[in-house]
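Subject: Structure handed over, with notes on what was found

Dear colleague,

Please find below the structure that I am passing on to you.

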Amino acid sequence: MSKARQQRETVAHLTYFVVQAYRQVKGGKGKIAADDAIPARDHDHAKRLFERYKPIRAGVVAFHRTGDPATGDWEDAVVIARHGILPAQVDGMTDATDIDADRWDLSEADLKVA
């Protein structure tokens with residue numbers, strides 16, 4: 001494939017998966033602090049990371065987000081799993097179980113694999 005052709009091709013939508021763990025702040029009377037976000041390869045990897053951190057952190061959330069990196073347009077994050085003490089902004093995130101997959105507005109172009 002030529003270099004010019006590579007530059008013209010872009011990814012229309014990209015989904016990334018993240019696990020965010022929170023630790024209890026010593027002497028903070030219930031306060032938590034975020035660890036560095038952990039990128040995951042896919043949904044199953046995010047679930048495995050979530051399960052690994054669940055018993056050793058005050059709180060942990062696994063989520064994914066889809067968007068267009070070229071335009072910066074991103075959909076709201078969707079929670080895969082959550083546990084423990086989490087910041088208020090996590091409460092506003094949509095759970096994966098709340099999504100009605102039968103109502104997605106997908107076209108044939110969205111389903112093609114590169």
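Predicted model: local features only at pLDDT ≥ 70, side-chain atom pairs only at ≥ 80, totals over all residues.

Residues are numbered from 1 along each chain as its sequence is written, and side-chain values use heavy atoms, with hydrogens and water left out.

Overall picture

The protein chain has an average pLDDT (the predictor's confidence in each residue, from 0 to 100) of 81, and 75% of the residues score at least 70. Over residues 110–114 the pLDDT stays under 50, and the model has 3 contacts beyond four places in sequence for them; contact means heavy atoms within 4.5 Å.

The protein chain contains 3 helices and 7 strands. These are DSSP runs numbered from the N terminus, with helices being H or I of at least four residues and strands E of at least two. Along the sequence their order is α-β-β-β-α-β-β-β-α-β. Of the contacts with a separation of 6 or more, 48% are between residues 24 or more positions apart.

Of the 114 residues in the protein chain, 30% are buried. Here buried means under 20% relative accessible area, exposed over 50%, and partly exposed in between, with a 1.4 Å probe and protein chains only.

Strand 4 and its partners

Strand 4 is largely enclosed by the rest of the structure, because 9 of its 10 residues are buried. Two strands are taken to pair if DSSP finds at least two bridges between them. Strand 4 runs antiparallel to strand 1 (residues 14–24), with 9 bridges joining them; Leu14 stands opposite Gly67 there. With strand 6, strand 4 forms 6 bridges, again in the antiparallel sense, and Gly59 has Gly84 as its bridge partner. Strand 5 (residues 73–74) is joined to strand 4 by 2 bridges, also antiparallel, and Trp74 is the bridge partner of Gly67. The hairpin of strand 4 and strand 5 has 4 residues between the strands, and Gly72 takes a positive phi near 80° in this hairpin.

Two residues in detail

His64 lies in strand 4, which spans residues 59–68. His64 counts as buried because its relative accessibility is 19%. Beyond its neighbours within four places in sequence, His64 is in contact with Thr15, Tyr16, Phe17, Asp76, Ala77, Val78 and Ile80.

Ala81 is found in strand 6 (residues 78–84), and counts as buried because its relative accessibility is 10%. The C-alpha atoms of Ala81 and Phe50 are 7.4 Å apart, although 31 residues separate them along the chain. Phe50 is also among the contacts of Ala81 beyond four places in sequence, together with Lys47, Val60, Val61 and Ala62.

Nonpolar cores

A nonpolar core is a set of buried Ala, Val, Leu, Ile, Met, Phe, Trp, Tyr and Cys residues joined through side-chain atoms within 4.5 Å. The largest has 13 residues, among which Val19, Ala46, Val60 and Ala62 touch the most other members. At least two residues of this core come from each of strand 1, strand 3 (38–40), helix 2 (43–53), strand 4 and strand 6. Helix 2 gives the largest share of this core, 4 residues. A second, separate core has 9 residues, including Tyr22, Val61, Ala77 and Met93.

With kind regards
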